[in-house]
Amino acid sequence: MTEVSTIVAAPSEVFDAQRVREDFPALHQDVHGKPLVYLDSAATTLKPQSVIDAVDDVYARDCANIHRAVHLLSQRATARFEEAREKVRAFVNASKKTEIVFTRGTTEAINLVSQSWGRSSLREGDEILVTELEHHSNIVPWQILCQQTGAKLVVVPMTDRGEVLRESFERKLSERTRLVAMSHVSNALGTVLPVTELIALAHERGALALLDGAQAVSHVDVDVQALDCDFYAFSGHKLYGPTGIGVLYGKERLLDKMPPYQGGGDMIRSVTFEETIYNDLPYKFEAGTPHIAGAVGLGAAIDYFSAFDAGLIHAHENALLRYATEALEAVRGVRLIGTAPGKVAALSFLMESAHPHDIGTIIDAEGVAIRTGHHCAQPVMEHFGIAATARASLGMYNSRADIDALLAALQKVQELFG
Amino acid sequence: MDLRELYQEVILDHGKNPRNHRFPEPHNREGRGYNPLCGDKIALRLQLDGETISDVGFIGQGCAISQASCSTMTEAIKGKTLAEAEALFSKFHTMLTSEDSSEDDIEQLGKLAVFAGVREFPMRVKCATLGWHTLNQALHDESGEAKTE
């Protein structure tokens, strides 16, 4: 329970997960009569009270539509929405606020690029490069685009450890590659891709690069200027923020040239039946009333997260991942799926005796929440010749006690299934 | 919540050692079932002589519940008529999804009654019905595969 107490270090260098747990009300409940052990943060992170309060406050106090009315509530709502945009900008270190587009989530951000940039830029014979470890949301939008334009989807294979190697990437990159779309961090395996290097290679060949950052934002530093990515997509709900809000970062010169994704209110400057003039960035891509409270909640999540030293959070999670990896490797009949040297926050595994779905049900009865299934990454499952894995994933609030509870629960699986 | 209610010995046994885990020859009906939620797959083949299911077998992969359910299903329907098999499915489905099953109904289900515990685990009902949906598809010769979603 108190793993930090054994570490001898100045208080400022210690990440106190026990203290953090106090901020997350969902952790303080029993499920099936057992204290909740939440190991499913890769699916969605729990929310700190400050985020819940921020969302609540928008509806309780500043409940108005934005960018429209002159009344005070609308002014306050607009200000809070735009403050959230600035917080996102600073968080990913974009150079301008106009490069931050609010979306429903990572999926919508990727679809936006696919339909807006892709449909207007691609021709038959052009190639889009993805990797074998992508989430379906970074595969299917490109398949749709390929059907629409005659472009071709090319896949960079991964190794049996779940890595994407520079050499395999270079082999698939060609003069016809127009866009590389890849995960920053794999959701099913936790692999961190060598994205800076791969983006530079893509640029050398004149291709653009989009990063799916859904699994990355809370586990690795994200600096879109240092990465030099052209697009970066992520979701608020995997960064301790609300569901239904996400972000597309895009370089201004690209967003500027792209046609709108959806038509509607807020994305226009003027409309007549003869001609419509589109609004400036980023509003051109934000048709309709957005998820105002969600954006404000995401801003609060960034405030919460940024109050800590991110390096300490990452070090805490990495130490926990090592602890969990070693512990799971020691369990007879357990096989880890995804053993890349560079990994964060997720442990996919199989047990000889029990199917992942059965594992999930049995350990749920012990209060332990993990994800089981194909993790929306069926090509990854296919690579390993399996249909599903059990996946335990970490957040900043997890501690060794959670891993110990997982192991004890897996013992119950062994007892039942032998 | 008692997991032993869900994972009864019969289920664990059939999950580990599914019966009729082979394709019968000859066969004249085939169904394929897939649960996109968990990736469980079942391929079911049977020989229908007139109205009677004279032989049935399956190859599948998946969780203990889905495989045991399909296994016990093949035992229950072999030698039964179409109408009898469909009546069993209907009673089985009712047992899993509502509290309306009469004692008579449960009794008629015989060994299949071990799945009654699944009702307490709504996320797992689809596991227990995958084999039956596949059977339904095979009997009615519907195109495509039976899906639980």
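**A covered helix and its surroundings**

Reply: Helix H4(A) is mostly covered, since 12 of its 16 residues are buried. The model is a predicted one, and what follows should be read with that in mind. The helix runs over residues 106-121 of chain A, and the 21 Å from its first C-alpha to its last is close to the 22 Å expected at 1.5 Å a residue.

Which residues of H4(A) are buried? They are A:Thr106, A:Thr107, A:Glu108, A:Ala109, A:Ile110, A:Asn111, A:Leu112, A:Val113, A:Ser114, A:Ser116, A:Trp117 and A:Gly118.

As a general background, nonpolar side chains in soluble globular proteins tend to be buried together. Setting aside neighbours within four places in sequence, A:Val296 is in contact with A:Ala54, A:Val55, A:Val58, A:Arg80, A:Phe81 and A:Ala84.

The domain assignment of chain A gives domain 1 as 3-47 + 309-417 and domain 2 as 52-306. The centres of the two domains, taken over C-alpha atoms, are separated by 28 Å. Their contact takes 25 residues from domain 1 of chain A and 28 residues from domain 2 of chain A. On the side of domain 1 that touches domain 2, helix H11 (310-329), strand E14 (346-351) and helix H13 (378-383) of chain A each supply at least two residues. By class, that side of domain 1 has 12 nonpolar, 9 polar and 4 charged residues.

Several backbone details belong to the loops of chain A. The residue A:Asp228 has a phi near 60 degrees, a positive value in a residue other than glycine, and A:Asp228 is found in the loop between helix H8 (224-227) and E9 of chain A. With 15 other C-beta atoms within 10 Å, A:Asp228 is partly exposed. The residue A:Cys376 likewise has a positive phi, near 55 degrees, in a residue other than glycine, and A:Cys376 is placed in the loop between strand E16 (371-373) and H13 of chain A. A:Cys376 counts as partly exposed, with 17 C-beta neighbours inside 10 Å. A cis peptide bond joins A:Leu281 and A:Pro282, with omega about -5 degrees, and A:Pro282 lies in the loop between strand E12 (276-278) and H10 of chain A.

In the contact between the chains, 15 residues of chain B are in contact with 15 residues of chain A. The side of chain B that touches chain A divides into 10 nonpolar, 3 polar and 2 charged residues. Chain B has its own helix H4, covering residues 82-97; this helix has 16 residues and reaches 23 Å from its first C-alpha to its last, close to the 22 Å expected at 1.5 Å a residue. The buried residues of H4(B) are B:Ala85, B:Leu88, B:Phe89, B:Lys91, B:Phe92, B:Met95 and B:Leu96, and the buried residues of H4(B) pack against strand E3 (52-61), helix H3 (64-77), helix H5 (103-109) and helix H6 (125-140) of chain B. Chain B also has a cis peptide bond, from B:Glu25 to B:Pro26, with omega near -5 degrees, and B:Pro26 is found in the loop between helix H2 (9-16) and strand E1 (29-35) of chain B.

Finally, a word on confidence. The mean pLDDT of chain A is 95, and 97% of its residues reach 70 or more. Over residues 1-12 of chain A, however, the pLDDT is below 50, and this stretch has 9 contacts in the model beyond near neighbours in sequence. Where pLDDT is low, the predicted coordinates should not be read in detail.

Technical notes:
Residues are numbered from 1 along each chain as its sequence is written. Chains are lettered from A and ligands numbered from 1 in the order in which they are written. This is a predicted model: local features need pLDDT of at least 70, side-chain atom pairs count only at pLDDT 80 or more; totals for chains, interfaces and linings use all residues. Two residues are in contact if their C-beta atoms, placed from the backbone, lie within 7 Å. Ala, Val, Leu, Ile, Met, Phe, Trp, Tyr, Cys and Pro count as nonpolar, Asp, Glu, Lys and Arg as charged, and the others, Gly among them, as polar. Helices (H or I, at least four residues) and strands (E, at least two) are DSSP runs, numbered from the N terminus. The expected span of a helix is 1.5 Å times one less than its number of residues. A residue is buried if 20 or more other C-beta atoms lie within 10 Å of its own, exposed if 12 or fewer, and partly exposed in between; C-beta atoms are placed from the backbone. Domain bounds come from an automatic or database domain assignment. pLDDT is the predictor's confidence in each residue, from 0 to 100.
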